Structure formats: C-alpha cells, structure tokens
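Below is a short briefing on one protein model. Please look over the sequence and the structure before reading on.

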Amino acid sequence: MKHLMPPLPYAPSALAPLLSEETIQYHYGKHLQTYVDNLNKLAEGTPYADMCLELIITTAPEGALRNNAAQVWNHTFYFDGLTPTPKAIPAGLQKQLCADFGTVEAFRTALQTAAAGLFGSGWTWLVLDADCHLRVLPLSNAGNPLRLGLQPLLTLDVWEHAYYIDYRNRRADYLEALWQLTDWERVASLSQRPPVGLYY
Ligand code: MN
C-alpha cells in the first residue's frame, strides 16, 4: 500500500496572516511530502508495506520507519486540526475542560506551557485517557499517543520548521496563533468518539 499525501483541507493561503502561505507550502508541501516519500521507501518490501499508518506506528520497532509513519500521521492530524474559520469552544467541550483543568484558561496555560517548554523538537497533544479524562501530553520528536493507548484530540507541532518562517525563535507567538486557528468543533467531536479508533 503506497501512502499518499493527505489532502490539505483548505487553501495554502487560508490561514494567513497567522500562518503564511510560505509556511504552509514548506511545511505541508515539502516537509510532509518528504515524510510520505521516506515512509514509502522504507516500507517497500517489508511486512509493513501493506499496513495502515496506525498499525505501523503501534507495531514497528523504534527507528526510521516508525518515525516517518508517525510524522505522516502527526502532520495529517495537525493540518486537519486547524481551520481558516475558527469558532468558539463548544459548550460540551468547555465543560469537559473545566472538569479536568479547572477552567478553560487553565487548560490554555497548561497546553501552551507544555508546548513552549518542550525541549528540542516534538509535539504537544491534548488526549483523552482510558478513564475519559483530558490530558496535556508533550512528546519529543515523532512521538504519538496511539502508542500509549491514548486518544489524540489535538496536536501542536513544535518542530522549528513549523514556525521559523513566520515567527523565527518566538515559539510562544506561534502557539498563540495555533490557539486562534484551532478547529474546536473537531476537537469536541473527536472527544465523543469511542477510544482509539482508526483515523487515517
Ligand atoms: Mn512539522
């Protein structure tokens, strides 16, 4: 099974000015394309060639194949989680966030503090755990919560390639832009799914 580029669910310029067309063209068009190409090369002729992304991520040993599969999954999830027409956090999700973090503002602080403080490259996730509690989880490099049996709801890419064109070293400003572009309706709908299904 050849892995294909996932469609970008909006025009490359649609998130500007918070994320520029140039950033999306590099991030989606070049970085993600490279992960897809590397994954296909590494999987070819191996038992992983016919596996979906989730299965590779959860069964392959640590190494380049698993890393590239996770990077394809993570980027697909990241781009799908942003929207050019963001809306307020739905009431049901607000209630869930308040139950697990105290207030929505406390959740925002927890999420952004974890993402700002992640040393080096990686991803900061909002996940649903086995007890249906929301948790913020920073993971380095190509980390993916599916490996931990956690259900991803939202991810923030904090690799420098995600923000350096627009924000240079100002990761906190980029995180603020992501907050504004997040598709909270998608987060809310994912939080209603039965735990750990197939996404891609
Ligand atoms: Mn990235």
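Which residues do ring pairs link into a cluster? They are Tyr28, Trp73, Phe77, Tyr78, Phe79, Trp123 and Trp125. The model is predicted: local features need pLDDT of at least 70, side-chain atom pairs count only at pLDDT 80 or more, and totals for chains, interfaces and linings use all residues. Residues are numbered from 1 along each chain as its sequence is written, and side-chain values use heavy atoms, with hydrogens and water left out.

**Aromatic rings**
- The structure holds 14 aromatic pairs, where rings of Phe, Tyr and Trp (its six-membered ring) pair if their centres lie within 6.5 Å.
- Tyr78 and Phe79 have ring centres 5.1 Å apart and planes at 70°, so this pair is edge-to-face (planes over 60 degrees apart).
- Tyr78 and Phe79 are both buried (under 20% relative accessible area, with a 1.4 Å probe and protein chains only).

**Charges over rings**
- The charged end of Arg186 sits over the ring of Phe77, 4.7 Å from the ring centre (CZ of Arg or NZ of Lys within 6 Å of the centre and within 35 degrees of the ring normal).
- Lys30 has its charged end over the ring of Tyr26, at 5.9 Å from the ring centre.

**Manganese site**
- His27 (NE2), His75 (NE2), Asp157 (OD) and His161 (NE2) coordinate the manganese ion at 2.0 to 2.1 Å.
- His75 lies in helix H3 (residues 64-80) and His161 in the loop between strand S3 (151-157) and helix H6 (164-167), so the pair ties together parts that are 86 residues apart in sequence.
- Helices (H or I, at least four residues) and strands (E, at least two) are DSSP runs, numbered from the N terminus.
- His75 and His161 are both buried.

Technical notes:
Donors are N, O and S atoms within 2.8 Å of the metal (3.2 Å for Na, K and Ca); water is not among the atoms, so sites may look incomplete. Buried means under 20% relative accessible area, exposed over 50%, partly exposed in between (1.4 Å probe, protein chains only). Rings of Phe, Tyr and Trp (its six-membered ring) pair if their centres lie within 6.5 Å; planes under 30 degrees apart count as stacked, over 60 as edge-to-face and the rest as tilted.
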